Amino acid sequence: MTDIDTLEDLFEHELAALYYVETELIDVLDELALESRNDEIKEAFADHREETREHATRLEDAFRAIGASSHSERSATLDGLAADRQRVVEATDDPDLVDSHSVAIGRRIEAVEIEQYESLLRMADELDYDEDVTDPLEETLDEEEDAKQKLSAIGEESRFGKLLAKLR
Ligand SMILES: [Fe+2]
Ligand SMILES: [Fe+2]
């Protein structure tokens, strides 16, 4: 890792951490789609996987806009979430529980991405970066929020959601 001495350096570092997340997520979302049994959940992950390819491309545009080449910085947050997911899949034979966890982990991933995009946009604002940098970030942030919303709606309809509703 290179030194981080200025806010510009920090922005580039955070952009690279997010590039790691987006490129890794292409495979993680594919696994989530394969592991989930419910068709709606499967489809939500498969659709968002295609959007995620575009997210990675938009980050390449943002790198270009700040005059840097695209690169990744490993993110322990995403690695941890993927490991948490794996432990649950290995610990249960119940497909409904796997599906409940798919929704939970999917929402958690989107929440992390949303926070990362918001942080980058706050820094970009402070740095006075122009639209070449901020437009691709804003466009993706909207899609992350939609994806989180969609997973929440599916989660509420699931068996787990109904059970919870009865308990309230
Ligand atoms: Fe994304
Ligand atoms: Fe996402």
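A: In this predicted model, helix H1, residues 7–35, packs against helix H3, residues 76–91, at an angle of about 15°, and their axes are 11 Å apart. Angles under 35 degrees count as roughly parallel, and H1 and H3 are therefore described as roughly parallel to each other. Their crossing is left-handed. On the H1 side the contact is made by Tyr20, Val21, Glu24, Val28 and Glu35, and on the H3 side by Leu78, Ala82 and Val89. Sorted by class, the residues of this contact comprise six nonpolar and two charged, with no polar ones.

Gln116 is found in helix H4, and Gln116 is in contact with Glu14, Leu18 and Val21, leaving aside its neighbours within four places in sequence. Gln116 and Val21 are 95 residues apart in sequence, yet their C-alpha atoms are 9.9 Å apart in space. A residue counts as buried if 20 or more other C-beta atoms lie within 10 Å of its own; Gln116 has 22 such atoms and is therefore buried.

The axes of H2 and H5 come within 9 Å and cross at roughly 165°. Because angles over 145 degrees count as roughly antiparallel, H2 is roughly antiparallel to H5. The crossing of H2 and H5 is left-handed. H2 contributes Glu40, Ile41, Ala44, His48, Glu51, His55, Arg58, Asp61, Ala62 and Ala65 to the contact, while the H5 residues include Val133, Pro136, Leu137, Thr140, Ala147, Leu151 and Ile154. By class, the contact of H2 with H5 holds 10 nonpolar, three polar and eight charged residues.

H5 itself deserves attention. Helix H5 has 27 residues and reaches 39 Å from its first C-alpha to its last, close to the 39 Å expected at 1.5 Å a residue. Its buried residues are Val133, Pro136, Leu137, Thr140, Glu144, Ala147, Leu151 and Ile154. An α-helix has 3.6 residues a turn, so residues three or four places apart point the same way. Glu145 is also found in H5, but with 15 C-beta neighbours inside 10 Å, Glu145 counts as partly exposed. Glu145 and Glu113 are 32 residues apart in sequence, and their C-alpha atoms are 9.2 Å apart in space.

The phi of Asp128 is near 65°, a positive value in a residue other than glycine. Most residues other than glycine have a negative phi. Asp128 is exposed, because 7 other C-beta atoms lie within 10 Å, and the cut-off for an exposed residue is 12 or fewer. Ser69, found in the loop between H2 and H3, is likewise exposed, with 7 other C-beta atoms within 10 Å. Ser69 and Asp96 are 27 residues apart along the chain, and their C-alpha atoms are separated by 43 Å.

Terms used: Residues are numbered from 1 along each chain as its sequence is written. Chains are lettered from A and ligands numbered from 1 in the order in which they are written. This is a predicted model: local features need pLDDT of at least 70, side-chain atom pairs count only at pLDDT 80 or more; totals for chains, interfaces and linings use all residues. Axes are lines fitted to C-alpha atoms, for helices over the stretch in contact, and angles run from 0 to 180 degrees between N-to-C directions. Helices (H or I, at least four residues) and strands (E, at least two) are DSSP runs, numbered from the N terminus. Angles under 35 degrees count as roughly parallel, over 145 as roughly antiparallel, 65 to 115 as roughly perpendicular and the rest as oblique. A crossing is left-handed if the near helix is turned anticlockwise from the far one by less than a right angle, and right-handed if clockwise. Two residues are in contact if their C-beta atoms, placed from the backbone, lie within 7 Å. Ala, Val, Leu, Ile, Met, Phe, Trp, Tyr, Cys and Pro count as nonpolar, Asp, Glu, Lys and Arg as charged, and the others, Gly among them, as polar. The expected span of a helix is 1.5 Å times one less than its number of residues.
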